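The following paragraphs lead through a predicted model. Please keep the sequence and the coordinates in view while reading.

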Amino acid sequence: MPSHHLPLLLAAYQYKFGRDIEAMCRHLIDDVAVGWDELGTDLLDDAPPALVTALTGGNHWPSRTLDHLVTPDGSPPVRMSVTDETADAQDMEWGYVLHKEGVEVISLLHDDIGPIVSWAIDPRTAFNDHPAAWSSRDSPPAIRASRSTPSPSAPAAAPAKASPSRPTARR
């Protein structure tokens, strides 16, 4: 859900990966053998403690990959690739596509493209989780600008807006 994943992705980009989208893509996409079971608070490494507390309530949990899968025939599991054709079969509700300008949030139950949330958005911004709110024709649905007063070391929040151009290449 966007209210859970977007804050982690925005903070990870801004702090753990130092605004380096290629490093973030390598970690989240290229270096994973199969896929992710859960994204954890290790993505908040190097974020200010006040931001981590605001996002997690002080809870910590590790990211977990799907390395423990066993296939029915005993063969090694293969990388999970989500396409328009496989999204329904994989019971996916949300998709997150990393772009240079931000993260595209796709409600797979509602649309096949979505608005792009700028990497400059404050990670404490609260987002709507209703699938219909994530139309590609609208701005990302922020419920409120941020969850708390920004810390001095937090990046300035920028207004959420959809990007007019969409690169066609996706990882």
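To describe how helices pack, an axis is taken as a line fitted to C-alpha atoms over the stretch in contact, and the angle between two axes runs from 0 to 180 degrees between their N-to-C directions. In these terms, helix α1, which covers residues 2-16, packs against helix α2, residues 21-30, at an angle of about 125 degrees. The two axes are 9 Å apart. Angles of 65 to 115 degrees count as roughly perpendicular and those over 145 as roughly antiparallel, so α1 is oblique to α2. The crossing of α1 past α2 is right-handed.

The contact itself is made by Leu 9, Ala 12 and Tyr 13 on the α1 side, which meet Ile 21, Met 24 and Leu 28 of α2. By class, the residues of this contact are six nonpolar, with no polar and no charged ones.

Helix α1 is also involved in a charged pair. Lys 16 forms a salt bridge with Asp 45, and their closest N and O atoms are 3.3 Å apart. Because Lys 16 belongs to helix α1 while Asp 45 lies in the loop between β1 (36-38) and α3 (49-56), the pair ties together parts that are 29 residues apart in sequence. The structure holds four salt bridges.

Attention now turns to the strands. Strands of a sheet pair through backbone hydrogen bonds, in either a parallel or an antiparallel sense. Strand β4, residues 102-107, pairs with β5 over three bridges in the antiparallel sense. Val 103 has Val 117 in β5 as its bridge partner.

Note on methods. Residues are numbered from 1 along each chain as its sequence is written. This is a predicted model: local features need pLDDT of at least 70, side-chain atom pairs count only at pLDDT 80 or more; totals for chains, interfaces and linings use all residues. Side-chain values use heavy atoms; hydrogens and water are left out. Helices (H or I, at least four residues) and strands (E, at least two) are DSSP runs, numbered from the N terminus. Angles under 35 degrees count as roughly parallel, over 145 as roughly antiparallel, 65 to 115 as roughly perpendicular and the rest as oblique. A crossing is left-handed if the near helix is turned anticlockwise from the far one by less than a right angle, and right-handed if clockwise. Contact means heavy atoms within 4.5 Å. Ala, Val, Leu, Ile, Met, Phe, Trp, Tyr, Cys and Pro count as nonpolar, Asp, Glu, Lys and Arg as charged, and the others, Gly among them, as polar. Two strands pair if DSSP finds at least two bridges between them. A salt bridge is a side-chain nitrogen of Lys or Arg within 4 Å of a carboxyl oxygen of Asp or Glu.
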